[in-house]
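Thanks for sending this one over. Below are my notes as numbered points, to read alongside the model.

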Amino acid sequence: MEHNTHTRHEHHGAQQDQHGHHGHDEHLGHEGHGGHHGGASWSMAAQATLHCLTGCAIGEILGMAIGTALGWGNVPTMVLAIALAFFFGYSLTLRGVLRAGVDFRTAFRVALAADTLSIAVMELIDNGVILLWPDAMDAGLADALFWISLAISLVIAFVVTTPVNKWTIGRGKGHAVVHRYHH
């Protein structure tokens, strides 16, 4: 068995000489493949989080504005904002994956796999900050507190969610799934 393995390596070496292929050792760790499973860069994680934040912010702002304008209570307003954050978060990813020529069912699965954890963490942090911020839940659209607390909660959510995305991308999950369709 050892002899066959050795022979294959010799054969691979012959191909390297004839065809200019890289040596086998260079492929073992996949170090040159942009951090697919060995870890993700902070820049890559921040970009994925910013993408997620865009959808979440659209949904959060729209949901909070609609609920507040209609005089809804805190719970229905927050439920609407969270539902819209997931909707817009998934929609942005779905749009990009569909552009790659993927069928809707596959694109929808990719969006769910790519964004669910990221959006959930972002929404938990964002809404948690709003809930804990004194008087933020009672602020109206015309109040500076409404907009300031919402903006700061989204910034905090970005900061907390970025390491989560770094971890998931480094494991080949989360937004790493989406990147497979960008090539």
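Which backbone oxygen does the side chain of T168 reach?

1. **T168 and its surroundings.** The side chain of T168 reaches the backbone oxygen of N165, at 3.1 Å. Please keep in mind that this is a predicted model. T168 sits in helix α6, which spans residues 144–170. With a relative accessibility of 7%, T168 counts as buried. Setting aside residues up to four places away in sequence, T168 touches L117, K173 and G174.

2. **The overall layout.** Stepping back to the protein chain, the secondary structure comes to seven helices and zero strands. Read from the N terminus, the order of elements is α-α-α-α-α-α-α. The protein chain has 183 residues, and 34% of them are buried. If you take contacts between residues at least 6 apart in sequence, 68% of these join residues at least 24 apart.

3. **Helix α3 against helix α4.** Helix α3 covers residues 42–69 and helix α4 covers residues 74–99; their axes come within 7 Å and cross at roughly 150°. The crossing of α3 and α4 is right-handed. Sorted by class, the residues in this contact are 13 nonpolar, ten polar and one charged.

4. I58 is placed in helix α3. The relative accessible area of I58 is 38%, so this residue is partly exposed.

5. **Helix α3 against helix α6.** Helix α3 also meets α6: the two axes come within 8 Å and cross at roughly 145°. The crossing of α3 and α6 is right-handed. Here the contact is made up of 18 nonpolar, five polar and two charged residues.

6. A46 is another residue to look at, and it lies in helix α3. At 25% relative accessibility, A46 counts as partly exposed. Leaving out residues up to four places away in sequence, A46 touches F158 and T162.

7. How many disulfides does the structure hold? The count is zero. C52 is in no disulfide, and the nearest cysteine sulfur to it, that of C56, is 4.0 Å away. C56 is likewise in no disulfide, with the sulfur of C52 as the nearest cysteine sulfur at 4.0 Å. The reasoning is simple: a disulfide needs the two sulfur atoms within 2.5 Å, and the sulfur of C52 is 4.0 Å from that of C56. As for burial, C52 has 1% relative accessibility and counts as buried, and C56 is buried with a relative accessible area of 0%.

8. **N127 in helix α5.** Is N127 buried or exposed? N127 is found in helix α5, residues 104–132. At 4% relative accessibility, N127 counts as buried, because the cut-off for that class is under 20%. Apart from neighbours within four places in sequence, N127 is in contact with E60, M64, M78 and I82.

9. **The backbone at D135.** Where is D135 found? D135 is in the loop between α5 and α6. The phi of D135 is positive, at about 70°, although D135 is not a glycine. For context, most residues other than glycine have a negative phi. D135 counts as exposed, with a relative accessibility of 56%.

Methods: Residues are numbered from 1 along each chain as its sequence is written. This is a predicted model: local features need pLDDT of at least 70, side-chain atom pairs count only at pLDDT 80 or more; totals for chains, interfaces and linings use all residues. Side-chain values use heavy atoms; hydrogens and water are left out. Buried means under 20% relative accessible area, exposed over 50%, partly exposed in between (1.4 Å probe, protein chains only). Axes are lines fitted to C-alpha atoms, for helices over the stretch in contact, and angles run from 0 to 180 degrees between N-to-C directions. Helices (H or I, at least four residues) and strands (E, at least two) are DSSP runs, numbered from the N terminus. A crossing is left-handed if the near helix is turned anticlockwise from the far one by less than a right angle, and right-handed if clockwise. Ala, Val, Leu, Ile, Met, Phe, Trp, Tyr, Cys and Pro count as nonpolar, Asp, Glu, Lys and Arg as charged, and the others, Gly among them, as polar. A polar contact is a pair of N or O atoms within 3.5 Å; within protein, one must be able to donate a hydrogen and the other to accept it, and residues adjacent in sequence count only if both atoms are side-chain atoms. Contact means heavy atoms within 4.5 Å.
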